[in-house]
Amino acid sequence: MQAAYDKLEETTTAKERYESELRIARDIQQSIVPSEFPQHKQLDLYAYMMPAKEVGGDLYDYLLEDNHLYVCLGDVSGKGVPAALLMGQVTRMFRALAREKCMPQEIATRLNAEFTEQNDNGMFVTMFIAFIDMNTGRMDFCNAGHNPPVLDGKFMEIESNAPIGLWPELDFVGEHIDNIKGCSLLLYSDGLNEAENRRQEQFGDDSLLKILHDNHFEGAQQVIKYLCDAVEKHRDGAEPNDDLTMMALKII
């Protein structure tokens, strides 16, 4: 009897230690992505990330210097601690390459070269990367297998490229839009449009576009909050089936 009690106590202690470590890992991961957003007269930007488990593989980031804005949003394959570790590496490299003033397609190409070297687990990252000149409104971007962003209520028609990390020696293709000033841009992971309810019905692209079309939003934060509430309502109590990450922005 005493042996059984001691075993139960040992198991409980181990579980509590594991849960404590996961909470710490979650706090560390949340600290990797920005929690404060620019107070800039030409820019309205807000982002949100919520892992499906204690930690997840979604990421977002931005770098603003001299009216030049880099943004990214990505989704690492899988969930949990392995995805979170790769998420941290990708975010760190994105910031370093943005500071070097690399163009989005070069950032994707160099990330791919780095992560295909020792990728025995076959993990990959889908990612949208953009560089915006806020003076002219020009947006250069590269989409690495990620969901197409929504620009002024319509999905962007983009070159998809491959996800980052699967095949070495790829040269990613970049594109540009001449001027996005005054346009609302939404980046998101598939935890938004593929969010499921109790009947495993997805939130869907049509619901996303309808919300953006039918509502007037005062700013980027309101867009994100409205979509979070809409997803929560759609889930109707179901546990999240994927990480959810969104970024809304407008160049004014």
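In helix α6 (residues 220-235), the buried residues are A220, V223, I224, L227, C228, A230, V231, H234 and R235, where buried means under 20% relative accessible area, exposed over 50% and partly exposed in between, using a 1.4 Å probe and protein chains only. Seen down the axis of α6, these buried residues fall within an arc of 165 degrees, so they line one face of the helix; the arc is taken from the directions from the helix axis to the C-beta atoms. An α-helix has 3.6 residues a turn, so residues three or four places apart point the same way. On the other side of α6, K225, E232 and K233 are exposed.

The model is predicted, so local features need pLDDT of at least 70 and side-chain atom pairs count only at pLDDT 80 or more, while totals for chains, interfaces and linings use all residues. Residues are numbered from 1 along each chain as its sequence is written, and side-chain values use heavy atoms, leaving out hydrogens and water.

The buried residues of α6 pack against β1 (43-50), β9 (184-188), α4 (190-193), α5 (205-214) and β10 (244-251), with contact meaning heavy atoms within 4.5 Å. Helices (H or I, at least four residues) and strands (E, at least two) are DSSP runs, numbered from the N terminus. The end C-alpha atoms of α6 are 23 Å apart, which agrees with the 22 Å that its 16 residues should span at 1.5 Å a residue; the expected span is 1.5 Å times one less than the number of residues. Just after α6, D236 takes a positive phi of about 55 degrees.

Buried in α3 are P104, I107, A108, T109, L111, N112 and F115, and their cover includes β3, α2 (80-99), β4 (125-133) and β5 (139-144).

N161 sits in the loop between β7 and β8 (175-177) and counts as buried, at 16% relative accessibility. The N161 side chain makes polar contacts (pairs of N or O atoms within 3.5 Å; within protein, one must be able to donate a hydrogen and the other to accept it, and residues adjacent in sequence count only if both atoms are side-chain atoms). One is with the backbone oxygen of N143, at 3.0 Å, and another is with the backbone nitrogen of V173, at 2.9 Å.

D66, in the loop between β2 (58-65) and β3 (68-76), has a positive phi near 55 degrees and is exposed at 70% relative accessibility.
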